[in-house]
Amino acid sequence: MKAAVVTVLGDFEVCIENYRGITEYTECLVRVQTKGGQIRLAGKDLRVEYYTNDEMKITGKIECIQFDNKGERP
């Protein structure tokens, strides 16, 4: 099924696996496209530390994580 896997460490680090791409990237907002919709991370001093074809790591002061699944269910 390849659903997105989101791992959160405190309020300072998020790892996302099985994503399709980054659709928006600023120091306050990172939007990531997944198969089922989008993941939106809001905060301060956000930075994509690294990304590969399979996973990415975002750091900074993470204040909010939202999932927009387009009404789909796995």
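# Strands and side chains

User: How many bridges join E2 to strand E6 (residues 55–68), and which way do they run?
Analyst: There are 5 bridges between E2 and E6, and the two strands run antiparallel. Two strands pair if DSSP finds at least two bridges between them. Strands are DSSP runs of at least two residues (helices, H or I, need at least four), numbered from the N terminus.

User: What kind of model is this?
Analyst: This is a predicted model: local features need pLDDT of at least 70, side-chain atom pairs count only at pLDDT 80 or more, and totals for chains, interfaces and linings use all residues. Residues are numbered from 1 along each chain as its sequence is written, and side-chain values use heavy atoms, with hydrogens and water left out.

User: Back to E2. How many bridges join E1 to it?
Analyst: Strand E1 (residues 5–9) is joined to E2 by 5 bridges, and they run antiparallel.

User: Which residues does Val 14 bridge to?
Analyst: Val 14 of E2 partners Val 8. In E6, its bridge partner is Ile 58.

User: What sits between E1 and E2?
Analyst: That hairpin has 3 residues between the strands. Gly 10 takes a positive phi near 60° there.

User: How many residues of E2 are buried?
Analyst: In E2 (residues 13–17), 4 of the 5 residues are buried. Buried means under 20% relative accessible area, exposed over 50%, partly exposed in between (1.4 Å probe, protein chains only).

User: New topic. Is Val 30 buried or exposed?
Analyst: Val 30 counts as buried because its relative accessibility is 0%. Its place is in strand E4 (residues 29–34).

User: What does Val 30 touch?
Analyst: Leaving out residues up to four places away in sequence, Val 30 touches Glu 24, Tyr 25, Ile 39, Arg 40, Leu 41, Leu 46 and Ile 58. Contact means heavy atoms within 4.5 Å.

User: And Thr 34, where does it lie?
Analyst: Thr 34 lies in E4. Thr 34 is buried, with a relative accessible area of 6%. Beyond its neighbours within four places in sequence, Thr 34 contacts Ala 4, Tyr 19, Arg 20 and Ile 39.

User: Now the surface. Which residues make the nonpolar patch?
Analyst: Ile 22, Tyr 25 and Tyr 51 make a patch of about 330 Å². Patch residues have over 30% relative accessible area and no salt bridge; like charges are joined within 9 Å, nonpolar side chains (Val, Leu, Ile, Met, Phe, Trp, Tyr) within 5 Å. A salt bridge is a Lys or Arg side-chain nitrogen within 4 Å of a carboxyl oxygen of Asp or Glu.

User: Is Tyr 51 buried or exposed?
Analyst: Tyr 51 is exposed, at 57% relative accessible area. Tyr 51 lies in strand E5 (residues 37–51).

Technical notes:
Accessible areas come from the Shrake-Rupley method with a 1.4 Å probe; for residues, only the protein chains shown count as cover.
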